[in-house]
Amino acid sequence: MKFETRAIHKGNHITDNTGSVVQPITLSTTFEHGNEAGLLYTRAGNPNRLALEELIASLEQGVDAAAFSSGNAAGTAVYQALEPGSHIIAPDDMYHGLHNSMTILFKGIHEVSFVDMSNLEAVKAAIRPNTRLFWVETPSNPLLKITDIRKVAEIAHGHGAILACDNTFATPVFQNPLLLGADIVMHSSTKYFGGHSDLLGGALVTKEKNDFWTKIRTIQRVGGAVPSPTDCYWLGRSIKSLAYRMKGHAEHAMVLADYFLSHPKVERVYYPGLKNHPGHEIAASQMSGFGGVVSIQVKGGAAAADKLISELHLFANATSLGGIESLIERRAAVEGPDTLTPPNLIRVSVGLEHTEDLLTDLDQAFSKI
Ligand SMILES: *Cc1c(COP(=O)(O)O)cnc(C)c1O
């Protein structure tokens with residue numbers, strides 16, 4: 001079945017005799033011993049979580065998925081599953097929350113090298129005898145850098161290491177890292193999967209059910225950072241429309257990227273769909289669409305960027321991305337003093353409002369800076 005069809009039908013199991021079209025929410029935290037479904041206790045497994053995991057595994061073309069209570073919990077589970085003393089190679093501009101997970105939670109436990117993953121020579125040079133994990137995020141947040149998943153997979157496997165890919169920005173609608181050589185895919189379900197800025201969640205998907213995956217499952221079950229049945233239900237519900245939302249987000253992002261490109265008050269535009277983006281060709285070879293996030297550097301520094309944001313009405317000045325409503329944010333203000341993000345960089349999560357309304361709003365705000 002095609003993606004759109006799987007998104008609507010996978011994992012939707014009706015086991016009662018009501019004729020429901022949609023699988024109901026099972027709120028019970030505990031299940032009678034000896035039940036046919038083999039359920040014990042909701043932290044270990046729940047019908048709505050199992051349904052969501054089956055759905056996400058199918059969309060990423062993996063063999064199994066594990067749902068977590070946030071994207072950070074999902075990423076952290078991967079680092080926790082490594083043997084202590086492992087070395088991780090990660091992007092120098094990776095999502096700051098997971099950067100914090102590596103540097104704060106695993107300080108003294110793992111070693112990490114942060115490198116420009118779009119520079120394969122730098123990636124190779126960072127390898128150590130104890131390198132166990134290559135972490136890739138493409139497109140990256142917020143610089144939209146593109147990493148060649150196939151090439152990094154070759155490097156990782158040549159060294160006997162695992163490649164994990166944060167696929168939050170691309171979503172499986174546009175990119176399937178497992179088919180490009182990755183071993184694990186990670187998602188912040190809070191973003192496009194949820195799609196309406198009202199749910200927190202995360203997921204991991206695996207290419208193989210191996211020992212590493214068994215450890216991840218143990219961390220999920222014993223660590224207990226699992227989503228509630230209700231959250232799983234709403235996530236599954238949102239994912240049904242994921243393909244169509246992503247097509248809309250990408251189409252609108254391209255319109256805004258072109259607008260920014262020709263705007264005299266914009267210094268630089270970052271969108272992998274633009275021909276002048278340094279990663280455009282690699283993006284086109286591994287993605288079928290370029291996503292819904294555009295970053296720009298505004299002329300006039302951080303003050304001009306802040307002014308622009310404050311003059312906008314339709315774009316909420318808020319963190320996060322992937323919702324149907326447009327969001328805008330000056331990233332350096334959120335990421336803190338250590339960030340590599342330029343101070344005048346604004347990240348736009350382009351929503352599904354009509355692009356004419358978005359452009360009208362941008363025009364009036366730009367006229368005031
Ligand atoms: C938001 C985000 C995360 C973290 O997910 P949470 O659900 O906020 O914990 C990880 N990676 C990327 C790329 C993100 O945008």
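I count two strands as paired if DSSP finds at least two bridges between them. Helices (H or I, at least four residues) and strands (E, at least two) are DSSP runs, numbered from the N terminus.

The model is predicted: local features need pLDDT of at least 70, side-chain atom pairs count only at pLDDT 80 or more, and totals for chains, interfaces and linings use all residues. Residues are numbered from 1 along each chain as its sequence is written, and side-chain values use heavy atoms, with hydrogens and water left out.

**Entry: the sheet**

I looked up A164 and found I184 in β6 as its bridge partner. Strands β5 (residues 162-166) and β6 (residues 184-188) pair in the parallel sense, over three bridges.

I then traced the sheet. It is open, with seven strands in the order β1-β7-β6-β5-β4-β2-β3 and mixed pairing. β1 (64-68) and β3 (111-115) are the edge strands, each pairing on one side only. From one strand to the next, the twist averages 20°.

**Entry: Q286**

I placed Q286 in helix α11 (residues 280-286). Is Q286 buried or exposed? Q286 is buried, at 6% relative accessible area (buried is under 20%, exposed over 50%, partly exposed in between, with a 1.4 Å probe and protein chains only).

Beyond neighbours within four places in sequence, Q286 touches T138, I146, T147, D148, I149, R150, F174, Q175 and L180.

Note on methods:
Contact means heavy atoms within 4.5 Å. Axes are lines fitted to C-alpha atoms, for helices over the stretch in contact, and angles run from 0 to 180 degrees between N-to-C directions.
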